[in-house]
Each structure stands twice: as structure tokens, then as C-alpha cells.
Amino acid sequence: MSKKISELTTATDVTVNDFFQVVDLEDSTMAASGTNKKISARTLGNNLPVTATGSSASRSLKDRFADTVNVKDFGAVGDGVTDDTGALNQAFDASENSVLIIPNGVYRITSRLSVYKNGIKVVGLGNPIIKTTDNAPTSFDSMQIRGSDVTLDGITLDGNNPFPAISGNNNCISLSTTLATVSNVIFENCTFQNYKGYGVYSFTAGTLNGIEFNNCKFLNFTSSAEVPTGSIQLVTPITSNLKVHGCTFSNITGCGVAARSQNGVAEVKNICITGNVFDHNQYEYTSMGVEIWKAKNSSISGNSFANARM
């Protein structure tokens, strides 16, 4: 197709590869000297200036859409069958300092999702589920977070246990500090369920600061061997400003919330665990609701414990 823009109507069928004659356009990114310059529909759409309601400055459509990233833009399907691992990882990689939308659906993964950029807010619309495939490899984490200022809101991660034939642990989320600091990671309105391994955990040599869980659910965590695991396990040299509020821990092998060091000399401080429900008891000795070692300036209050202990 080759038409003047003024000739287009609502009935005109346009594809991104069509070209149009540009006449009297003020936008310098689209216009050129003369009246016979042609421009593709893709370029025209990308550079079309728009002004948001209530604002005063116009921006191009491509810049306006870049404010929010959607996993569908990278080919994620969310039909419960397609392997969406690659598409989700591409979306995470493109979402530094922006909002990433995951629409409702079931997103199958076959290997780890990597959140390495800073300033990502992942928002689920309609409770999307990220689910481990039946053919998952041995001993892998559904997600690793290495960036700071990261938020997950309204997402369900499902380890698909006991269906995968996994000989090791199928963990949910690892916080990897790698001798540095991971800070300000917030989980809100999330559900973590059906894992044969740990929930959100860290066993690295760096620092965790400002990790928060608000109104989350940890459901059905078992172990791959006669060794207890747990839902939140933070074992680092320094863990500070951990907040767990309004969460539910049910049917957990091991601890609900643990902040400690393997050698007992870690610095654990400013821990606030309030208004949670702990209901689990699979190992008589190890099924603790809360296990905090040598904590400073910390508060544990308003929690409900059934078949669990501190």
C-alpha cells in the first residue's frame, strides 16, 4: 500500500510494512524536505506524538509504552503449555527501573528466571502463575534475584511438586548477594506453593537489607531428603531490616521464618515479624514457626502458632 495519510479511513487495512506519503508533518523525526517522502507504518506509529490526559507535554508512542513493560511484548504466552522461560527472562532483562506487567495466565518454566537488574516492579494482573514444568531439571531455583529495589506484587510461583521427577531440591527464589548487598526487595500479595525445597532463601556471603514480605502465602513445602528446609531462610553474615507481616505459612517442612548464621556469629538486627499465621508440623523438632539467632532491636508479636513453635 502507498497512500497519503490524509486518505486513510477507519476501514483501511494497514500492516507495519505499508508505506505512506508524508505531507506537512511538524514532527522532524517523520517529516523531510519535499512532499514525496514515504514512511513505514511502523515508524509512523512509533513516533506519533501523544499527550496523556491531564499532562502538558507530548511524547512519542514508543517512549510512552516503554514506561511499562509487558511480558507479552517478548512472546510470553501464558497458556500453561508453552515454555515461557526465555520470554520471561528477556522481559526481566529489559525492565530496569520500570514496571513489568504479567497478565493473568499460567507461565511454564523449564529453568531459572534471572532478575539481575535494579528498580524492577513486577505486577501481576489477575493472579498469574509461574509454574515449574513437569520435565524440570534436577535442583534448580524458579527465580534468582540479584538486583536491588525489586518488588513482586500479585504473583504466584508454583513448584509443581510432587509431579516433577526431581532428585534434588526445587527451590522457589534465591537472593544472591555474591559478596555484595541485595537491598529493598519486597514481596506483596504473592503466593509461593508446592515446592520440594526452600521458599525464599539465601546462603551466600553478602548482605541482605530491607527484605519485606507483606500478605504473602507459603503453602506446601516439603524436602527431597530427611533434612528440613523452610519457607524463608536467610543465612548470611548480615541480615537487617527484615519485615514479615500478615503472611500465612501452612504445611511447611522446617522453619517458617529463619534469620541466622551457620556458625552463629552473623549480625541479625531490626527484625519485625508481626501478624502472621504459622500452621505446620512435619518434623517434631525442626518445625519452628520462627527461628532468629542473636537478633538486635527486633520484634516478634501478634502472630498465631498452631503445630509450630518459636
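Asp-153 stands opposite Glu-188 of strand E17, in a model that is predicted. The strands concerned are E14 (residues 150-153) and E17 (residues 181-188), which pair in the parallel sense over 4 bridges. E17 also pairs with strand E20 (residues 207-214), again in the parallel sense, and this pairing runs over 7 bridges. The points below take up this strand pairing, then the nonpolar core, and then the aromatic residues.

**Strand pairing**

- The C-alpha atoms of Tyr-198 and Ile-173 are separated by 7.8 Å, although the two residues are 25 residues apart along the chain.

**Nonpolar core**

- The largest nonpolar core has 52 residues, and those that touch the most other members are Ile-145, Ile-173, Leu-175, Phe-187, Phe-192, Phe-213 and Phe-218.
- Helix H3 (residues 85-93) contributes the largest share of this core, namely 4 residues.

**Aromatic pairs and cluster**

- A search of the whole structure finds 12 aromatic pairs; in one of them, the rings of Phe-218 and Phe-221 have centres 6.2 Å apart and planes at 45°, so this pair is tilted.
- Phe-218 and Phe-221 are both buried, and the relative accessible area of Phe-218 is 0%.
- Phe-218 also forms an aromatic pair with Phe-249, and this one is stacked, with 5.0 Å from centre to centre and 5° between the planes.
- Because Phe-218 lies in strand E21 (residues 217-222) and Phe-249 in strand E24 (residues 248-252), their pair ties together parts that are 31 residues apart in sequence.
- Phe-249 likewise counts as buried, at 0% relative accessibility.
- One aromatic cluster is formed by Phe-187, Phe-192, Tyr-195, Phe-213, Phe-218, Phe-221, Phe-249, Phe-278 and Phe-305, and Phe-187, Phe-192, Phe-213 and Phe-218 are also among the core residues that touch the most other members.

**A charge over a ring**

- The charged end of Arg-146 sits over the ring of Tyr-116, at 4.2 Å from the centre of that ring.

Definitions and conventions:
Residues numbered from 1 in each chain as written. Predicted model: local features only at pLDDT ≥ 70, side-chain atom pairs only at ≥ 80, totals over all residues. Heavy atoms only, no water. Phe/Tyr/Trp six-rings, centres within 6.5 Å; stacked < 30°, edge-to-face > 60°. Buried < 20%, exposed > 50% of the residue type's maximum accessible area, 1.4 Å probe, protein only. Helix = DSSP H or I, 4+ residues; strand = E, 2+ residues; numbered from the N terminus. Lys NZ or Arg CZ within 6 Å of the ring centre and 35° of its normal. Core = buried A, V, L, I, M, F, W, Y, C linked by side-chain atoms within 4.5 Å. Pairing = 2+ DSSP bridges.
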